[in-house]
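Trainee: I've got a model open on my screen and I'd like to learn how to read it. Could you walk me through it?

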Amino acid sequence: MTQSTLLYNIGQLLTMDQYEGPVRGKDMGNLDVKENYAVLMKDGKVEKIGPSDELADTQADEKIDCQGKLVTPGLVEPHTHLVFGGSREHEMALKQQGVPYLEILKQGGGILSTVRSTRKASEEELYEKAMFHLNRMASYGITTMEAKSGYGMDKETELKQLRVAKKAGENHPLDLVSTFLGAHAITEEYKENPEALLDEMASLFDQIKEEDLAEFVDIFTETGVFTIEQSRRYLQKAKDKGFDLKMHADEIDPLGGTQLAVELGATTGDHLAVSTDEGIKQLAESDTIGVLLPGTIFYLGKGEFARARKMIEEGAAIAISTDFNPGSSVTENIQLIMSLAALKMKMTPEEIWHAVTVNAAHAINRGDEAGQIKVGRKADVVVWDATNYLYIPYHYGVNHVNTVFKAGQKLFERGDLLV
Ligand code: IZC
Ligand code: ZN
């Protein structure tokens with residue numbers, strides 16, 4: 001195993017460490033770009049960062065001439081529904097006929113269709129599938145990510161999903177952070193009494209803590225799913241048990257989830273596509289990070305993207321994510337999401353790089369470990385097939401990764417064409 005690797009002749013190096021903590025508001029637009037740099041990785045950690053001509057002669061087991069390429073921290077993905085059974089391609093035709101996402105759910109499809117498949121799937125099947133998607137995530141430059149449960153909504157299946165995520169996190173080189181999303185939809189059994197479903201899910205909190213199966217508790221606060229009042233009670237219980245909070249807030253209907261996320265001191269409010277002016281103001285004045293998911297709005301065929309410009313101008317800290325899931329955003333390609341953030345939410349490339357590194361790391365409580373290239377930190381580093389950071393959101397829909405290093409080890413290398 002390679003012990004030390006020197007990356008030299010780096011055209012642009014983004015270390016993403018010019019600010020402490022999540023990067024807010026206009027600071028998101030300031031990017032420190034180091035030119036002609038080198039990074040020495042040793043025993044899994046970043047050992048040295050300096051001008052290329054000073055480090056080029058450093059001893060290393062492997063020396064890689066980056067030939068002027070862009071080098072950044074490994075990307076951090078803060079919102080995925082990684083563990084699920086089946087898929088929902090048969091719902092695409094319904095979508096094309098204009099049947100809305102929440103209507104498909106109401107008819108027993110959507111999330112509930114994935115619940116049926118996930119309940120049926122064995123732990124081994126779910127594990128193999130999760131590992132497959134993790135590999136693909138890694139291929140796009142992601143080195144740390146979050147994974148939610150939420151396709152069980154019965155105790156047994158939720159625990160099965162969380163155990164699969166834990167095992168995947170232990171066995172895959174990527175670092176995984178787990179979220180319990182038992183409150184994701186209302187199943188047939190609980191149609192008349194969603195409170196009982198929430199009680200049932202809350203009754204798992206102690207066991208989840210004991211088995212260390214999740215750090216966060218999340219809920220889907222939406223029309224036809226859980227109300228603001230139900231969400232407040234459920235999340236408060238989770239907080240009292242010592243969980244950090246996330247919320248699917250203001251995705252489709254503006255129920256005030258953004259304000260509730262702030263009120264409860266949630267680590268993140270996610271989606272925020274239809275947050276009101278008041279919601280944005282409160283978010284900007286809080287420590288809650290806004291996790292925006294433009295791929296979902298694109299995929300659902302909706303015109304209203306989250307108002308990232310207003311959020312950033314008012315001083316909020318913003319991260320972005322794929323929302324990888326089998327229904328509303330079926331992609332592992334975070335680079336495509338970076339393009340959508342630029343084209344549809346008018347985020348600048350500088351803001352986008354903060355949103356997929358340092359801010360995304362803070363969104364999953366990994367601000368001290370991931371999202372930055374810093375001496376002494378785990379060497380999670382991506383070499384890109386591009387000479388500058390503007391290029392990645394600009395050239396959309398393809399994979400620009402040249403090489404991904406996770407803790408100093410090559411995790412993914414672009415395959416060469418055979419012709
Ligand atoms: O499976 O549709 N919005 N949850 C809330 C999702 C989308 C995932 C899904
Ligand atoms: Zn989601």
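**Reading a metal site**

Mentor: Let's start with Asp323: leaving out residues up to four places away in sequence, Asp323 touches Glu77, His79, His81, His271, Leu293, Thr296, Ser328 and Ser329. Contact here means heavy atoms within 4.5 Å. Before going on, some ground rules: this is a predicted model, where local features need pLDDT of at least 70 and side-chain atom pairs count only at pLDDT 80 or more, while totals for chains, interfaces and linings use all residues. Residues are numbered from 1 along each chain as its sequence is written, chains are lettered from A and ligands numbered from 1 in the order in which they are written, and side-chain values use heavy atoms, with hydrogens and water left out.

Trainee: Where does Asp323 lie?

Mentor: Elements come from DSSP runs numbered from the N terminus: helices are H or I with at least four residues, strands are E with at least two. Asp323 is in the loop between strand 13 (318–320) and helix 14 (334–345).

Trainee: Is Asp323 buried or exposed?

Mentor: The cut-offs are under 20% relative accessible area for buried and over 50% for exposed, with partly exposed in between (1.4 Å probe, protein chains only). Asp323 comes out at 1%, so it is buried.

Trainee: Which side chains make polar contacts with the side chain of Asp323?

Mentor: A polar contact is a pair of N or O atoms within 3.5 Å; within protein, one must be able to donate a hydrogen and the other to accept it, and residues adjacent in sequence count only if both atoms are side-chain atoms. The side chain of Asp323 has one with the side chain of Thr296 at 2.8 Å, and another, of 3.0 Å, with that of His79.

Trainee: Which residues are the protein donors of the zinc ion (ligand 2)?

Mentor: Donors are N, O and S atoms within 2.8 Å of the metal (3.2 Å for Na, K and Ca); water is not among the atoms, so sites may look incomplete. For this zinc ion they are His79 (NE2), His81 (NE2), His248 (NE2) and Asp323 (OD), at 2.0 to 2.7 Å. Their spacing in sequence reads H-x1-H-x166-H-x74-D. His79 sits in the loop between strand 6 (75–77) and helix 2 (92–96), and His248 in strand 10 (residues 244–249), so this pair ties together parts that are 169 residues apart in sequence.

Trainee: Why is the arrangement around the zinc ion (ligand 2) called irregular?

Mentor: Four donors are tetrahedral if all angles lie between 85 and 135 degrees; four are square planar and six octahedral if opposite donors are over 155 degrees apart and all others between 65 and 115; anything else is irregular. For reference, the ideal angle for four tetrahedral donors is 109.5 degrees. The four donor atoms here subtend angles of 77 to 165 degrees, and that makes the arrangement irregular.

Trainee: What about the histidines?

Mentor: His79 counts as buried at 0% relative accessibility, His248 at 3%, and His81 is buried with a relative accessible area of 3%. His81 is placed in the loop between strand 6 and helix 2. The side chain of His248 makes a polar contact of 3.1 Å with that of His79, and one of 3.4 Å joins the side chains of His81 and His248.

Trainee: What does UniProt list for "binding site"?

Mentor: UniProt positions use the numbering here, feature names are shortened, and annotations may be inferred rather than shown by experiment. The unreviewed entry lists His79, His81, His248 and Asp323. They span 245 residues in sequence, yet no two of their C-alpha atoms are more than 12.0 Å apart, so they gather at one spot.
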